[in-house]
Amino acid sequence: MVQAIRIHATGGPEVLQYETVDVGAPGPGEARVRHTAIGVNYVDTYNRSGLYPLALPSGLGSEAAGVVEAVGAGVDFVKPGDRVAYCVGPQGAYSQARVMPADRLVKLPDGIDDRTAATLMLKGLTVQYLFRQTYPLKSGETILFHAAAGGVGLIACQWARALGVTMIGTVGSDEKAAIARDYGCAHTIVYTRENFVERVKEITAGKGVPVVYDSIGKDTFPASLDCLSPRGLFVSFGASSGPIAAFNIGLLAPRGSLYVTRPTLFTYAARRADMLAMADDMFALVLAGKIKSEARQTYALKDAADAHRALESRKTTGATVLIP
């Protein structure tokens with residue numbers, strides 16, 4: 001028996017229940033993992049609130065690092081004792097241990113510790129697909145990235161710098177602006193007092209940017225479209241301020257024949273081979289010292305509700321982890 005966070009109804013952080021659950025032996029194609037660090041991500045609040053519906057009752061969380069305790073029949077790519085991490089698969093990472101599909105596990109290189117891995121997997125692989133696949137960035141380009149001081153944002157700051165890309169990042173305060181710049185964001189815009197469209201046009205001498213990466217949603221749309229150069233791409237990969245409402249697709253034509261996409265990590269990493277290639281790309285930058293990731297907020301597993309409150313109130317910067 002282990003302790004885990006479960007939800008029996010959707011709602012606010014108060015629906016997170018710390019319970020004793022049974023973890024059985026892994027079946028064919030499965031592995032049992034004892035967690036050492038668990039990643040907290042904004043998407044977890046969508047699942048908890050019901051924005052992304054789950055079959056209830058349910059576990060929560062999709063990112064963690066730990067050690068393989070046992071494997072089921074047919075599993076030969078991980079073994080007991082292996083240090084592993086994951087970020088896509090069934091809900092249930094908010095637990096001391098769990099059984100899950102073994103093909104979702106990634107072995108950790110010796111140079112990456114467990115807590116670092118728990119801050120990297122979902123956020124880092126998100127930046128990988130955004131920057132290297134959804135819109136493959138090239139050195140010399142200038143981009144706009146909303147929420148630059150968040151968990152995904154701080155990795156994006158460093159990845160952009162490593163690629164020779166000039167990143168313009170929006171943030172909510174001067175403190176967050178300083179943090180984003182420390183991590184490599186070339187220009188910061190404090191959206192609470194600055195018009196980000198005007199500032200982007202100023203920074204780019206009126207040209208706009210070829211791509212906008214937006215995890216904010218309702219509060220930054222459709223203004224983000226006005227930051228794009230002709231034939232630019234608006235990438236919506238989250239909705240921390242609420243979902244973008246249905247809009248007239250005709251908005252895209254007069255702004256320069258724009259493109260809009262709504263990608264997800266789960267699609268890009270659905271095949272194990274693709275997920276491993278993405279992880280290798282990310283780990284190489286980390287091991288080369290070009291990306292540093294750490295838990296800027298740490299909570300005990302039983303205090304997951306407090307972690308959610310801090311995240312939703314925008315009091316956090318960078319990554320948050322739970323310790324079982």
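The legends below describe close-up views of a predicted model.

**View 1. The largest pocket and the elements around it.** The largest pocket holds about 1,000 Å³ of space, and its lining is made up of 48 residues, of which Y42, Y46, V152, S215 and S240 lie nearest the centre. Two or more residues of this lining come from each of the elements α1 (42–49), α2, α3, β10 and α6. By residue class, the lining of the largest pocket divides into 22 nonpolar, 21 polar and five charged residues.

**View 2. The second largest pocket, with lining residues from β1 and β7.** For the second largest pocket the computed volume is about 200 Å³, and among its 14 lining residues R6, V21, G92, S95 and R98 are the ones that lie nearest its centre. Strands β1 (2–7) and β7 (97–101) each contribute at least two residues to this lining, which divides into seven nonpolar, four polar and three charged residues.

**View 3. The largest cavity and its lining.** The count of cavities of 30 Å³ or more comes to one, and the largest cavity has a volume of about 70 Å³. Its lining consists of T119, G151, L154, I155, Q158, Y183, K292, S293, E294, R296, G318 and A319, with helix α3 (residues 151–163) giving the most, namely four residues. Four of the lining residues are nonpolar, five are polar and three are charged.

**View 4. Helix α7 and its buried side.** Helix α7 spans residues 272–287, and its 16 residues reach 22 Å from the first C-alpha to the last, close to the 22 Å expected at 1.5 Å a residue. Its buried residues are M275, M278, A279, M282, F283, L285 and V286; because they cover an arc of only 155° around the axis, they lie on the same side of α7. These buried residues pack against β8 (106–107), α2 (114–134), α3 and α6 (265–268), whereas the face turned away from the buried side carries the exposed residues A273 and D280. Just after the helix, G289 takes a positive phi of about 80°.

View 5. T170 has its place in strand β10, which covers residues 166–171. The relative accessibility of T170 is 3%, and it therefore counts as buried, the cut-off for that class being under 20%. When neighbours within four places in sequence are left aside, T170 is in contact with L144, F145, H146, A147, A148, I189, Y191 and F196.

How values were computed: Residues are numbered from 1 along each chain as its sequence is written. This is a predicted model: local features need pLDDT of at least 70, side-chain atom pairs count only at pLDDT 80 or more; totals for chains, interfaces and linings use all residues. Side-chain values use heavy atoms; hydrogens and water are left out. On a 1 Å grid over the protein atoms alone, a cavity is a set of points where a 1.4 Å probe fits but cannot get out, and a pocket is an open set with protein on both sides within 12 Å along at least five of seven lines; lining residues have an atom within 4 Å of a point. Grid points are joined across faces, edges and corners, and a volume is the space filled by probe spheres set on the points. Ala, Val, Leu, Ile, Met, Phe, Trp, Tyr, Cys and Pro count as nonpolar, Asp, Glu, Lys and Arg as charged, and the others, Gly among them, as polar. The expected span of a helix is 1.5 Å times one less than its number of residues. Buried means under 20% relative accessible area, exposed over 50%, partly exposed in between (1.4 Å probe, protein chains only). The arc is that of the directions from the helix axis to the C-beta atoms. Contact means heavy atoms within 4.5 Å.
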